[in-house]
Amino acid sequence: MTDYLDVNRANWDERAAPHAASPDYHVEDFANDPSFLSDVVRFDRPRLGDIAGLRGVHLQCHIGTDTVSLSRLGATMTGLDFSGASLEQARVVAERAGASISFVESDVYAARDVLDGGFDLVYTGVGALGWLPDIKRWARTVASLLAPGGRLFIREGHPVLWSLDYERTDGLLALATPYFEHAEPQIWDEAGTYVSTDHEFQHTVTHEWNHGLGEIVTAVLEAGLVLTGLEEHQSVPWNALERDMRPIGGGEYQLIDRPERLPHTYTLQARRLAD
C-alpha cells in the first residue's frame, strides 16, 4: 500500500490554495475585521472559556483560520500541520490578520519531536482524527505535549456521522462504513472538497479511518489524562448530508427530519494532572 501520509499530503497540498481563496474560509474577513472569528471557534468559545495568556498548539491546523481565531482570544498559538502548502497559506492568513503565530510542518505523531516545552492547551478541530490510523498513538502524543495542568480540547465529527451511507437518496440513515478503528484504511476517491471552489482537483484519493467514541475516550484515559467533559451535539459545521440537512445559523447544519436521531459532533475535554 502506498504510504497514507504521501497520499493524503498530496490531497491536502492541492486543497490549500483553493481553500484559502474560497469565501467559505473567510480570509478577507480575517484581514479586514480584527475581531472576526471562525464559525468553529465561535461555537467552541463558551466551552473553551478564558484562554488569554495560555500557550496553545493547534494540531492539524490546515490554513490556520481557527489558529488565528484562538490567537485572537488571547492565547499564544502554534499551528502544526503535515502539509507544507497549507502552512504557506496559513502564514499569509496570519500575517494579513495581524496575528503572531508560529507554524510548524510535521506529521501529528511526530509533534513532540519538533515542538519545544509543554502547552497549556492542545486544540484539535473538526475533521482531524479521521486522517490518523491509530487513536491511542494520537492520545499519547497529546499527553506528551501537555504541561502539567494543561488541557486537551477537541470538537470532532461524531463516529456515527462518519459511518453513514452518504449516497442514499431516500432520507434514511444507514450505517455503511466502519464505526470502529480498523488497521486498513477506507480509501476514497472524490473529485471535490467541502467548500465552494471551481478548482478541478487532480489528487483525489484519500486514506481515512474512523474511531469509535469509546475508543477515543479510552485512548485519552490510557494516555494518563483525566476526562473533564464529553458533550454530543445535534449540529455539524458543514453540510455533511447535502440532501438531508439545513443551515441553522453560525455556520452549523442539522438534520432536517428528527435531528435528535443523530449525534452530529462531540466535544471532548481532558486534562493532564498537575505534578
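Is F30 buried or exposed? I looked up its relative accessibility: at 2%, F30 counts as buried (under 20% relative accessible area; exposed is over 50%, partly exposed in between; 1.4 Å probe, protein chains only).

Ground rules next. The model is predicted, so I note that local features need pLDDT of at least 70 and side-chain atom pairs pLDDT 80 or more, while totals for chains, interfaces and linings use all residues. Residues are numbered from 1 along each chain as its sequence is written, and side-chain values use heavy atoms, with hydrogens and water left out.

Rings. I counted eight aromatic pairs (Phe, Tyr and Trp rings, the six-membered one for Trp, with centres within 6.5 Å; planes under 30 degrees apart are stacked, over 60 edge-to-face, the rest tilted). F30 and F36 have ring centres 4.9 Å apart and planes at 85°, so this pair is edge-to-face. F36 is buried too, at 15%. Y179 and F180 also give 4.9 Å and 85°, so they are edge-to-face. Y179 is partly exposed at 23%. I also found W12, Y25, W131 and Y194 linked into a cluster by ring pairs.

Helix α9. I placed it at residues 213-222 (DSSP runs: helices H or I, at least four residues; strands E, at least two; numbered from the N terminus). L213, I216, V217, A219 and V220 are buried there. After α9 comes G224, with a positive phi near 95°.
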